[in-house]
Amino acid sequence: MNEGTAVAPSEQVLDLFHGVRLTPTQRRIAHCLVQHAPAAAYLSAAEVAELAGVSQPSVTRFAVALGHDGYPALRRRLRELTAATTAGPDGGGNELQQAVRAEIGNLDRLAGQLADREPIAESGRLLAASRPLPVLGLRAAAPLAAYFAYFAAKVHPDVRVLDDGGSLLTDRLEQAAEAGASALLAFVLPRYPRETLDALREARAAGLRVVAITDSPVSPAAEHADVVLPAAVGAQLVFDLHTAPMTLAMVLLQAICDAAPAETQRRLEAFEASAARRQLFLG
């Protein structure tokens with residue numbers, strides 16, 4: 001963590017689950033605690049169960065799975081974590097400055113995650129090998145899917161953006177699979193459109209491997225993805241900030257290029273030659 005960046009309560013709660021293999025039900029509870037931090041530290045087991053849509057015994061088993069004697073012990077730990085929120089000497093300022101500094105913190109945590117390059121490298125190999133490569137992003141995630149696809153199309157022969165929901169979405173997923181697609185890249189961001197999660201189920205049913213860029217390891221997308229690549233979303237302003245997910249998208253595109261360097265070079269050179277011939281750019 002860089003000096004001067006604040007640690008969000010949700011990030012502190014998320015640290016509780018690091019390295020713990022959670023069941024789908026337990027991921028729902030974990031996601032609930034992250035989304036409601038720091039208020040979750042003062043909720044009863046029954047209240048957490050109601051928020052997460054699970055049974056109260058499931059909340060108790062979840063606490064035990066994390067190494068606690070029961071939910072009261074987990075709640076004490078949650079209170080300790082959320083009470084320990086710290087800010088460096090630059091942590092003041094107005095709400096706009098605080099929102100930007102929070103994004104700096106999100107990028108700093110993303111940089112820390114990338115110390116382990118294998119998840120990104122594995123995702124790059126999966127996506128580079130998929131012909132065509134469908135890229136899913138609905139609602140707030142649609143601009144990220146389009147941004148990624150714009151650049152990916154320069155190094156991949158067939159990138160298909162899936163940014164419209166409805167009954168045609170399943171058709172387009174099935175068509176991509178029939179055309180030879182083996183993997184899907186999905187951007188899954190709050191507030192997690194139901195159609196997006198349904199599409200991930202359909203993609204898995206069609207035999208596609210799913211790589212998900214989402215805001216948290218315990219987001220609803222985790223249940224339906226083969227590889228989860230988390231990047232926190234800023235929630236300090238009226239609308240979310242997607243700085244870290246967009247950065248992660250470009251890091252993933254680099255991994256795709258690294259997975260097929262000869263083809264990447266050939267396609268980039270062909271594009272530059274075409275751009276020069278057509279005088280596309282001024283500089």
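Analyst: Helices (H or I, at least four residues) and strands (E, at least two) are DSSP runs, numbered from the N terminus. This model is predicted: local features need pLDDT of at least 70, side-chain atom pairs count only at pLDDT 80 or more, and totals for chains, interfaces and linings use all residues. Residues are numbered from 1 along each chain as its sequence is written, and side-chain values use heavy atoms, without hydrogens or water.

User: In what order do the 5 strands form the open sheet?

Analyst: The 5 strands pair in the parallel sense (pairing takes at least two DSSP bridges). They make an open sheet. Read across the sheet, the order is 2-1-3-4-5.

User: Which strands are the edge strands?

Analyst: Each edge strand pairs on one side only. In the order 2-1-3-4-5, look at the two ends. There sit strand 2 (159-162) and strand 5 (227-230).

User: By how many degrees are neighbouring strands of this sheet turned against each other on average?

Analyst: Angles are taken between axes fitted to C-alpha atoms, for helices over the stretch in contact, and run from 0 to 180 degrees between N-to-C directions. For neighbouring strands of this sheet, direction is ignored. The average turn is 20°.

User: Over how many bridges do strand 1 and strand 3 pair?

Analyst: Strand 1 covers residues 133-137, and strand 3 covers residues 183-188. The two pair in the parallel sense. The number of bridges is 3.

User: Which residue in strand 3 is the bridge partner of Gly 137?

Analyst: Strand 1 runs over residues 133-137 and pairs with strand 3. That range takes in Gly 137. In strand 3, the bridge partner of Gly 137 is Phe 187.

User: At what angle does helix 9 run to strand 2?

Analyst: Helix 9 spans residues 167-178.

User: Which strands does helix 11 lie across?

Analyst: Helix 11 spans residues 243-259. It runs at about 140° to strand 4, which covers 209-214. The strands that helix 11 lies across are strand 3, strand 4 and strand 5.

User: How many aromatic pairs does the structure hold?

Analyst: Rings of Phe, Tyr and Trp (its six-membered ring) pair with centres within 6.5 Å; planes under 30 degrees apart are stacked, over 60 edge-to-face, the rest tilted. By that count, the number of aromatic pairs is 5.

User: Why is the pair of Tyr 147 and Phe 151 edge-to-face?

Analyst: The ring centres of Tyr 147 and Phe 151 lie 5.3 Å apart. The pair is edge-to-face because of the angle between the ring planes, which is 70°.

User: In which helix do Tyr 147 and Phe 151 both lie?

Analyst: Tyr 147 and Phe 151 are 4 residues apart. That is about one turn of the helix. Both lie in helix 8, residues 142-152.

User: Where does Pro 132 lie?

Analyst: The peptide bond from Arg 131 to Pro 132 is cis, with omega near 5°. Pro 132 is in the loop between helix 7 and strand 1.

User: What is omega for the cis peptide bond that joins Pro 190 and Arg 191?

Analyst: Arg 191 is in the loop between strand 3 and helix 10 (194-205). The bond joining Pro 190 and Arg 191 is cis. Its omega is about 20°.

User: Is phi of Arg 139 positive or negative?

Analyst: Arg 139 is in the loop between strand 1 and helix 8. It is a residue other than glycine. Phi of Arg 139 is near 55°, which is positive.

Definitions and conventions
Contact = heavy atoms within 4.5 Å.
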